[in-house]
Amino acid sequence: MSHFPSRSARAATAALLALAWIAAPGCKEAAPPPPRAAPKVTVAFPETRDVGDEQIFNGWTAAVETVDVRSRVRGHIEKVNFKDGDIVKAGALLFTLDARPFQADVDQAVANRRVFEAQEVAESKEQARLEALLEKGGASQKQVEKKQADVLALKAQIAATTSEIERLQLNVEFSKITSPIAGRASKATLTAGNLVGAGGSDPVLTTVVSLNPIQIYFDISERALLEIREMAQKKDPARLKESLSARKLPFSFGLDTDSGFPREGILDFNDNTVDAGTGTLRLRGIAQNEDGFLVPGSRVKVRIAPGEAAQSLLVPDVALASDQTLRYVLVVGPDDKVLRKDVRPGRLLEDGMRVLLPVPGAKDGEGVLATDRVIIEGQARARLFEPAEALDKSGKPVALGANAPAPAGK
């Protein structure tokens, strides 16, 4: 017989114990958990500066003229007359070929012409004699006409030989290979003693690129193009239909090692269609390069400012977040609760500040204000509509609008 209580007895015992605990004096409900502390976030006030309507793009330099130097005749290189990388003038002698075979051809053609000229003199005298005999009946008309034809044939041969001499003299000239443009030469691909051919399939002897002026190419997005057109329309609506190149729009640019955009240029070309694959439009400008410092193919940063400078609101770029196609910032509101404000970002300045453009359709007070405490660190800890402790970079509390900066110049 089992010594363990039955299942019904165990259930009755558990019920009695529960009633006893409820009825026991001094029992209280469990205390609720303490409220969560407000997360600490680093904030900064937006800045107000005079910033021009500018767009910045990445581009590259290109030579206005580029020439692949090839030989126009077949021959052996006798001398290379430049050093690799030399700056050469238009017409400068680059390569000298052995001209003796070409000169021999010229001399042969000159000798042939002299033979024809001597024959033409003799035939002309015979023609004159027959014409005199014709008047006295000592020669027939047929003999005279035959001799006239012989004289004309010799004159034609003399003219053809003269043209051949001129062509062969060109070969002598072509044995001196010169630079058709002024610029910087590349290295010589062949040295003295090598045989070179004539034609487009033969190797390039060297390449010469012009240096002054120099071109700057860059691609702009379709959105940037529309913004530039919008700026241009505000500035001069009558010229809106003109291309960017027709307006001779100035721009500034700089190399990667330059501080800012110290160099100036003028737009002189824009493509006629937007590339459907990339959504960009190619532009080209031209700039002076008298000292030859700019090298074709160098990377540059280009700045276009079609409008005048105006006061703009700026926030650190690290404060911007994205929600699908929308950009926004988080701010600590008047009641120390986190709020979201949608923004329309403009260009990024070199100091990491982002220009905020007006948001279409936004009402007064909906956008970012100069007195807003914009969260720049700790966005992941902040929760919308919940409290947050606003601190500056040194860890001191920041009151609403207490330290908002005054508008500054550019």
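Me: Which loop holds Gln 324?
Reply: The model is predicted: local features need pLDDT of at least 70, side-chain atom pairs count only at pLDDT 80 or more, and totals for chains, interfaces and linings use all residues. Residues are numbered from 1 along each chain, and side-chain values use heavy atoms, leaving out hydrogens and water. Strands are DSSP runs of E (at least two residues) and helices of H or I (at least four), numbered from the N terminus. Gln 324 sits in the loop between strand E18 (321–323) and strand E19 (326–332).

Me: What is phi of Gln 324?
Reply: Gln 324 is not a glycine, yet its phi is positive. The value is near 60°.

Me: Is Gln 324 buried or exposed?
Reply: Buried means under 20% relative accessible area, exposed over 50%, partly exposed in between (1.4 Å probe, protein chains only). Gln 324 has 77%, so this residue is exposed.

Me: Where does Phe 385 lie, and how accessible is the residue?
Reply: Phe 385 belongs to the loop between strand E22 (373–377) and strand E23 (389–391). Its phi is positive, about 70°, although Phe 385 is not a glycine. Phe 385 counts as exposed, with a relative accessibility of 61%.

Me: Which strands form the closed barrel?
Reply: The barrel has six strands with antiparallel pairing. From one strand to the next, the twist averages 40°. The order is E3-E12-E15-E14-E13-E16.

Me: What is the bridge partner of Ile 266 in E15?
Reply: Strands E14 (residues 263–270) and E15 (residues 280–287) run antiparallel, joined by four bridges. Pairing takes at least two bridges in DSSP. In E15, the partner of Ile 266 is Ile 286.

Me: How do H2 and H3 run relative to each other?
Reply: Helix H2 (residues 100–136) packs on helix H3 (residues 141–174) with axes 8 Å apart, at an angle of about 165°. Angles under 35 degrees count as roughly parallel, over 145 as roughly antiparallel, 65 to 115 as roughly perpendicular and the rest as oblique. So H2 and H3 are roughly antiparallel.

Me: How many charged residues are in the contact of H2 with H3?
Reply: Charged means Asp, Glu, Lys or Arg. The contact has 14 nonpolar and 13 polar residues. Its charged residues number 10.

Note on methods. Axes are lines fitted to C-alpha atoms, for helices over the stretch in contact, and angles run from 0 to 180 degrees between N-to-C directions.
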